[in-house]
Amino acid sequence: IFRRADKNDDEKLSLEEFQLFFGDGVLNEKELEDLFHAIDSDNTNHVDTKELCDYFVDHMGDYEDVLASLETLNHSVLKAMGYTKKVYEGGSNVDQFVTRFLLKETANQIQSLLSSVESAVEAIEEQTSQIRQNHGKPSHGAVESWYGSPAPPCAPLAVEPGKSLPPGEIPRDPKEESLEAQVSRLAELIGRLEHKTLWFDLQQRLSDDDEGTNMHLQLVRQEMAVCPEQLGEFLGSLRQYLRGTAGARPCFHIAAVRLADGFTFVVYEFWETEEEWKRHLQSPICRAFRHVKVDTLSQPEALSRISVPAAWCTVGRE
């Protein structure tokens, strides 16, 4: 948590970094500042790792056991993945079958746990959404946004899948804008919300390629209208798709917007090349999402693509 919050990697959190990372649209600026100084036990106007840990340890409750178990689970899963590789390299057909079954069962049980946690998060977000609206500035409408991105090699994520935009940063209904205007606004918002890590990653990749200045990204836009009775199934699959696609190296960024009607979703994806995007269409995560869309959409999705000059994406970053 500390590494994600420490934007400049100086091993201490300033008040600004603290407010940017922990601001949730409910606590106001003064309350966040008071919390910052409460955590800053040695009154240095900076929060270090020990101070942050000391504060949360005193408030963890049952989450202490949960997070400790997750750490243990992480080590166990990594160990099991090594075992799986070993069995598939030298095991019999029966050995491979058993390993496949155990791997799938592990994935199903972990997903079941994750679904329970996500349901709790959704319930809390729903309860606090009214508080955010009361504390925030007037917005253009009820549009919810989620973001996911491949982690840059030199900086952590600032906005994770499932996280809502802060009040006052809500985009306009994409149907009311041209695609180019939507791209411009999306790029501006992502650049601010992610503290420019996406564009830094892009520039770094361009600098590694002598022909980078002539590079064009593929922006893919999917608009999907969901059957109301299938909304729960669709949301679960969409979140998995966002997480899975965000981890793909050729995907610079992926963002999903839920429109004001509550049942229409727009997904934006920035891909390195058209070939990479087409290869992605054959990936397991994309195929799984496609199967769910067949069962949950009220009408065929609307898909469009444009080629965006990569150099354009880095203009005006400051």
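**Salt bridges in a predicted model**

Lys278 is partly exposed, at a relative accessible area of 44%; the classes here are buried under 20%, exposed over 50%, and partly exposed in between, with a 1.4 Å probe and protein chains only. Glu274 is partly exposed as well, at 25%. Salt bridges with shared partners link Glu274, Lys278 and Arg305 in one network.

Some ground rules. This is a predicted model, in which local features need pLDDT of at least 70 and side-chain atom pairs pLDDT 80 or more, while totals for chains, interfaces and linings use all residues. Residues are numbered from 1 along each chain as its sequence is written, and side-chain values use heavy atoms, without hydrogens and water.

By salt bridge I mean a side-chain nitrogen of Lys or Arg within 4 Å of a carboxyl oxygen of Asp or Glu. The whole structure has 8 of them. Between Lys278 and Glu274 the N to O distance is 3.1 Å. Both residues sit in helix H10, residues 274-281, 4 residues apart, about one turn of the helix. Helices are DSSP runs of H or I, at least four residues, and strands are runs of E, at least two, numbered from the N terminus.

Next, helix H4, residues 49-57, which holds Lys50 and Asp54, also 4 residues apart. Their salt bridge is 2.7 Å, N to O. Lys50 is exposed at 59%, and Asp54 is partly exposed at 37%.
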